[in-house]
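Visitor: I would like to go through this structure with you, starting from the charged side chains. Could you show it first?

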Amino acid sequence: MLKLARIFADGVILQRGTPFRVWGWADGNVRLSLFAADGRTVLRQTECEVCDKSGRFEGEFEEVSDTRGVYFIQAESGGQKAGFKARFGNVYLAAGQSNMSYSLGSVERCDEIRERAAKAEVAFLDMPEKP
């Protein structure tokens, strides 16, 4: 078994300019690799040991400051592979009351806001609520 935490999915934005961690669950030790966009050029690697009974592992990479490139991060364990495409930038977390679940389409001048966001390369990650 090899599984990454749900937040590590294609399109995720990770905080630039600071070390970052990747975690998940595996049956054995894990090698984490950071690839350039071509998926072949390994930029960094780290080895992770499974650290508890549930098989949880965690690895840390040195900071990435490039905000233009797309990277591929891959975990390997026991012949299994799991990976995702990521970019680096500034990450802001917004959490709050139930009204935070309203869509952008219900906001006044939403087309203008979407246009400005597209130019600013803003990405949104919508995590589903836990039941």
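**Charged side chains and the sheet**

Guide: Lys119 is exposed, because its relative accessible area is 67%. Please keep in mind that this is a predicted model.

Visitor: Which side chain does Lys119 meet in a salt bridge?

Guide: Its partner is Glu115, with an N to O distance of 3.6 Å. Lys119 and Glu115 are four residues apart in helix H1, so about one helical turn separates them.

Visitor: And how many salt bridges does the structure hold?

Guide: There are seven salt bridges in the structure.

Visitor: What does Arg116 form a salt bridge with?

Guide: Arg116 forms one with Glu112, and the closest N and O atoms are 3.6 Å apart. These two residues are also separated by about one helical turn, because they lie four residues apart in helix H1.

Visitor: Is Arg116 buried or exposed?

Guide: Arg116 is exposed, since its relative accessible area is 53%. Glu112, at 34% relative accessibility, counts as partly exposed.

Visitor: Staying with Glu112, what about its salt bridge with Arg109: how far apart are the closest N and O atoms?

Guide: They are 3.1 Å apart. Arg109 itself counts as exposed, with 58% relative accessibility.

Visitor: Where does Arg109 lie?

Guide: Arg109 lies in the loop between strand S8 (80-89) and helix H1 (110-119). Its backbone deserves a look as well: Arg109 is not a glycine, yet it has a positive phi of about 55 degrees. Most residues other than glycine have a negative phi.

Visitor: Which residues are linked in a network of salt bridges?

Guide: The network links Arg21, Arg56, Glu58 and Glu60.

Visitor: Changing topic to the sheet, in what order do the five strands come?

Guide: The order is S2-S8-S7-S4-S5, in an open sheet with mixed pairing. Strand S2 (12-15) and strand S5 (42-48) stand at the edges with a single partner strand each, so one side of each has no neighbour in the sheet. On average, neighbouring strands of this sheet are turned by 30 degrees against each other, direction ignored.

Visitor: Are strands S4 and S7 parallel or antiparallel?

Guide: Strand S4 (residues 30-35) and strand S7 (residues 71-77) pair in the antiparallel sense, over five bridges.

Visitor: What is the bridge partner of Ser33 in S7?

Guide: The bridge partner of Ser33 there is Gln74.

Technical notes: Residues are numbered from 1 along each chain as its sequence is written. This is a predicted model: local features need pLDDT of at least 70, side-chain atom pairs count only at pLDDT 80 or more; totals for chains, interfaces and linings use all residues. Side-chain values use heavy atoms; hydrogens and water are left out. Buried means under 20% relative accessible area, exposed over 50%, partly exposed in between (1.4 Å probe, protein chains only). A salt bridge is a side-chain nitrogen of Lys or Arg within 4 Å of a carboxyl oxygen of Asp or Glu. Two strands pair if DSSP finds at least two bridges between them. Axes are lines fitted to C-alpha atoms, for helices over the stretch in contact, and angles run from 0 to 180 degrees between N-to-C directions.
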